Amino acid sequence: LDDFLIRSGGSTIELNGNTADRQGLRFLADIEALGSLLPGSDGAIDARGVISLHPQQPRLSLELEADDLSIGGLRIDRLEIRNNERAGNTSIADLLMRAEQLQVAEQVLDRLETRLLFSSDRQQLTMTAGLAGADLSAELSGAFESVVNADEIDWENLASQRWLGELELLRLTSEQALPVDLIRPASLNLSAHDVAVSSACLTAGGESSLCVDANWNVSGAGAASVRLQELPLQWLHPLLGIDLQFTQAFSGELEFQKEQGGEPSANALFRLSPGEVLFPDDPEALLKTGQGDFGFKLVQGRLLAGSVDLPLPGNGFVELDLKISDLAALGDARLGGRMHVILEDLGALVYFVEGLDYAEGRFETDLELGGTLNRPVSRGITTLSSGIVENHSLGLRFTDIQLSGQSKGNGRLETRGSFRAREGRGELSAIVDFSDVQSPH
């Protein structure tokens, strides 16, 4: 291209040269409003550089600044890319990038910094990112398949080649959780159509580990195998959004698979070690848990079975056993199982229910589950005794709460009870109809 020029409004794009020459193709872009060139986008871009695919002297040089960039679902407040100028640099490209307030869909990174070092025999990427009080660092390196086999890059077929490498470093730190590190390098196998990672194992120290083998392709198909060993529940703290501390640890396995155009299927079985749930800086446990077991089976996006067995020492237990048969019947698939929960003290509800300042009482539900997915039914009892709830801001205090509910297998829960409010006394009765699972009333 010789002196190729595009102007639109206050934007200019210039191209001059040939990518096959040693001098390469020189480009310049001074874009005041990206939307004038690319409908549906926005932002200002100032970029210049050179790209050459000459077999003996390939190179990429780029200097770029962008503000308030928006392309599809990607938004970036500030983006800078520049060449890493250093003496004796013989690489094809050595680029430094910094992005501020990067948003993809609902995910937001406060900052993202990378360095791409691209040589003919090896490529390296170093990255650091900050998000929601956490910092993530990663390093990976490898080479294109043509280099592995023939000692040089096949530029003409670069897009169709596989990239073979390793994830050499992965570290996640935050103020609320333990630091997480990659135990050893993990194998990476990438192409324009798929990605696979093998034996990626993370640890928070000691015997804890989370290991993943996974693959995915652009058709939407993929599979993953996840193995947990003494994984601290505190790792999940940033995802829970509540200011609590957990001393328990998870162990177990998860197998996941999704076919092209299909829904996901999965099998999981986890064991939770005994431990405590605590307020920060408070040695008294909010809740104690014994050794618990959890599991589920998912087939083509539909839950086939699930189980929970969680003792609460000194406070009761939670047990659930659910089975669904004949998935081909969809909404008419049969349900079966049992749910049995006993909570001797409801005080912990204060932290989880907004507007509740004090609570106590004993709760029990023991239900046999049946019916179908569209019309589930249960048979059993639900009771609340010696209950007290308070809301200090509204001056509300209800005491001596006694509730008793019964399900008779007809899709309805009949509840009767009484309570005291200061000097007064009240009674209540209700019927909840679950016969239409889409709109209970």
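**Figure 1. Strand 1 and strand 2 (residues 11–17) run antiparallel and are joined by 5 bridges.** The model shown is predicted: local features need pLDDT of at least 70, side-chain atom pairs count only at pLDDT 80 or more, and totals for chains, interfaces and linings use all residues. Residues are numbered from 1 along each chain as its sequence is written, and side-chain values use heavy atoms, with hydrogens and water left out. Strands (E, at least two residues) and helices (H or I, at least four residues) are DSSP runs, numbered from the N terminus. Two strands are said to pair if DSSP finds at least two bridges between them. In this view, Arg7 stands opposite Thr12 of strand 2. The two strands make a hairpin with 2 residues between them. Gly9, in the turn of this hairpin, has a positive phi of about 60°.

**Figure 2. Asp3 and Glu230 are residues other than glycine with a positive phi.** For Asp3, phi is about 50°. Asp3 belongs to the segment before strand 1 (4–8). Its relative accessible area is 64%, so Asp3 is exposed. Here exposed means over 50% relative accessible area, buried means under 20%, and partly exposed lies in between (1.4 Å probe, protein chains only). For Glu230, phi is near 45°. Glu230 is found in strand 16 (residues 222–232). Glu230 is partly exposed because its relative accessible area is 39%.

**Figure 3. A disulfide joins Cys201 to Cys211.** A disulfide is a covalent bond between the sulfur atoms of two cysteines. In this model a disulfide is counted when a pair of cysteine sulfur atoms lies within 2.5 Å. By this rule the count is 1 disulfide. The S to S distance between Cys201 and Cys211 is 2.1 Å. The torsion about their S-S bond is about 115°, so the disulfide is right-handed. Cys201 lies in strand 14 (residues 194–203) and Cys211 in strand 15 (residues 209–217), so the pair ties together parts that are 10 residues apart in sequence. Both Cys201 and Cys211 are buried.

**Figure 4. Phe118 and Phe144 form an aromatic pair.** Rings of Phe, Tyr and Trp (its six-membered ring) pair if their centres lie within 6.5 Å; planes under 30 degrees apart count as stacked, over 60 as edge-to-face and the rest as tilted. The structure holds 4 aromatic pairs. The ring centres of Phe118 and Phe144 are 6.1 Å apart and their planes meet at 40°, so this pair is tilted. The pair links distant parts of the chain, with Phe118 in strand 8 (residues 107–118) and Phe144 in strand 10 (residues 134–144), 26 residues apart. Phe118 counts as buried because its relative accessibility is 15%. Phe144, with a relative accessible area of 13%, is buried too.

**Figure 5. The rings of Phe250 and Phe294 form an edge-to-face pair.** Their centres are 6.2 Å apart and their planes stand at 65°, so the pair is classed as edge-to-face. Phe250 lies in strand 18 (residues 249–258) and Phe294 in strand 22 (residues 292–299), so the pair ties together parts that are 44 residues apart in sequence. Phe250 has a relative accessibility of 18%, so this residue counts as buried. Ring pairs link Phe250, Phe294 and Phe270 into a cluster.

**Figure 6. An open sheet is formed by 3 strands in the order 17-20-21.** The pairing in this sheet is antiparallel. Strand 17 (245–246) and strand 21 (285–289) are the edge strands, each of which pairs on one side only. Strand 17 pairs with strand 20 (residues 275–278) over 2 bridges, in the antiparallel sense. Leu278 in strand 20 is the bridge partner of Gln245.

**Figure 7. Strand 28 (residues 396–408) pairs in the antiparallel sense with strand 27 (residues 376–391) and runs antiparallel to strand 29 (residues 412–421).** Strand 27 and strand 28 are paired over 10 bridges. Across this pairing, Ile381 stands opposite Gln406 of strand 28. The hairpin of strand 27 and strand 28 has 4 residues between the strands, and in it Gly395 takes a positive phi near 70°. Strand 28 and strand 29 are joined by 8 bridges. Gln406 has Glu414 as its bridge partner in strand 29.
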